[in-house]
Amino acid sequence: MVITSPTLLARSRGADKYWKQRRILRLSAHYYGRRQNCYSIAIRSVRRALQYSTLHRRLNKVMYKTLWEGRINASCQELGTTYNDMYATMDQAGVALDRKILQNLAIWEPRSFRALALLTKAKQEEEGLNSLDGPVPAGVVTRGML
Amino acid sequence: MSVAGVLSGCLRPTFSVWRANIGRERLASCVASMTRLPEVTQPPLLLLKHATLSQQPNLLTQIRGLRSGPMGWGGGRAGVRTAAVTQEVVEDSEEAEKQLSKEVIHCVNQQVQTGEYGRLFAVVFLQGKQHLVTTGDLVVNQGFFPPNIGDELRLEKVLMVGSRDFSLYGRPLLRPGLVHVEARVVEKTLSHCRIYFRYQRRKNSRKSKFNRETHTVLRITRVEVMRPVGEVPEVEGIEGKIF
């Protein structure tokens with residue numbers, strides 16, 4: 001609101017109010033119904049939204065980790081292991097790839113992922129884990145070096 | 001009735017639950033058993049070595065014969081049913097494995113020397129995070145990163161490299177100088193505005209913070225395998241060092 005005369009200045013409630021409301025309404029532009037245009041209704045929704053986004057920035061990391069673990073587990077089960085076994089065996093073997101990378105390999109580099117999974121299976125057989133599952137497919141040579 | 005008497009090993013019909021008076025020790029609860037156990041014999045010692053695929057016996061059948069029940073069954077004796085006697089021929093596959101390794105490494109080195117591996121991808125460790133990169137990729141780095149726009153970098157911590165036909169995994173890093181992953185700094189900007197807003201209703205409590213992180217964007221210009229695999233240099237640890 002442009003104040004062009006002293007009378008207007010006396011009558012105005014303050015120049016800030018409009019811009020304060022605008023800051024909130026800009027964030028609520030994509031909401032449904034009166035929540036996008038009416039300030040006193042929008043402020044409630046916007047405050048809740050900002051609180052959620054602040055708190056859930058931590059939850060994001062947990063969510064992604066669960067998602068990645070699920071994806072890796074799915075690919076592992078196709079190849080005859082499980083995520084827990086594979087990750088623990090990778091730790092023992094010294095391969096330090098993290099979950100983000102493993103899930104990317106599982107999706108976009110299936111051959112590399114398969115090689116890694118079979119390698120962990122061979123190492124598990126050496127360690128004596130999951131011995132009741134049956135023999136490991138041939139073709140994986142570790143020569144006791146892991 | 002003491003426990004020592006129970007473990008004498010003589011055959012007798014089983015009886016109902018008995019208690020042993022061995023001071024403060026607690027015994028597991030015994031189950032009444034009405035069957036008479038067969039003759040006790042020592043099972044042959046089974047060698048559980050690595051066997052070839054075709055000759056590996058079923059582990060379950062081996063173990064079944066070795067199990068003895070809890071204290072109450074059969075008087076706590078080492079009461080074992082006779083296990084099936086199996087023999088396994090363990091082939092020494094060391095030579096064959098060495099030969100296979102040699103062949104595989106030779107194939108990989110051929111591809112490396114002729115440069116026929118095609119497009120390579122690498123897993124690179126940068127500022128605490130791992131990135132799966134190939135040539136032409138953009139990598140966004142968050143936080144303090146000194147290099148300026150236009151600087152050429154070599155990303156030396158490579159965890160893994162792969163192509164269509166082979167993958168090399170480091171434990172945890174590949175040998176320095178094996179793979180060259182080069183990048184160029186393309187852009188230095190700020191991230192989008194992150195609003196940190198804490199609010200407690202009806203308590204007149206509200207605080208907000210507006211934060212923008214510095215982002216540095218790198219363009220990966222090159223991923224290449226420089227040395228043959230399996231090569232052991234005479235002196236290690238002097239690459240890139242100035243004496």
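This is a predicted model: local features need pLDDT of at least 70, side-chain atom pairs count only at pLDDT 80 or more; totals for chains, interfaces and linings use all residues.
View 1. Chain B has 243 residues, of which 28% are buried. Its secondary structure comprises three helices and 10 strands. Along the sequence, these elements follow the pattern α-α-α-β-β-β-β-β-β-β-β-β-β. When contacts in chain B between residues at least 6 apart in sequence are considered, 66% of them join residues at least 24 apart.

**View 2. The open four-stranded sheet of chain B.** The strands of this sheet are arranged in the order 3-10-7-4, and their pairing is antiparallel.

**View 3. Pairing of strands 7 and 10 in chain B.** Strand 7 of chain B covers residues 179-190, and strand 10 of chain B covers residues 214-225. The two run antiparallel and are joined by 11 bridges. Both belong to the open sheet with the order 3-10-7-4. Within this view, R184(B) stands opposite R219(B), a residue of strand 10 of chain B. In a regular strand, side chains alternate between the two faces of the sheet.

**View 4. The hairpin of strands 8 and 9 in chain B.** Strand 8 (residues 194-200) and strand 9 (residues 205-211) of chain B pair in the antiparallel sense, with seven bridges between them. One of the residues shown is R198(B), whose bridge partner in strand 9 of chain B is K207(B). Four residues lie between the two strands of the hairpin. In this hairpin, R202(B) adopts a positive phi near 65°.

**View 5. A nonpolar surface patch in chain B.** The patch is formed by V235(B), I238(B) and F243(B), which together contribute about 370 Å² of accessible area. F243(B) is located in the segment after strand 10 of chain B. The relative accessible area of F243(B) is 80%, and the residue therefore counts as exposed, the cut-off for that class being over 50%.

Definitions and conventions
Residues are numbered from 1 along each chain as its sequence is written. Chains are lettered from A and ligands numbered from 1 in the order in which they are written. Side-chain values use heavy atoms; hydrogens and water are left out. Two strands pair if DSSP finds at least two bridges between them. Buried means under 20% relative accessible area, exposed over 50%, partly exposed in between (1.4 Å probe, protein chains only). Contact means heavy atoms within 4.5 Å. Patches are made of residues with over 30% relative accessible area and no salt bridge: like charges are joined within 9 Å, nonpolar side chains (Val, Leu, Ile, Met, Phe, Trp, Tyr) within 5 Å. Accessible areas come from the Shrake-Rupley method with a 1.4 Å probe; for residues, only the protein chains shown count as cover. A salt bridge is a side-chain nitrogen of Lys or Arg within 4 Å of a carboxyl oxygen of Asp or Glu.
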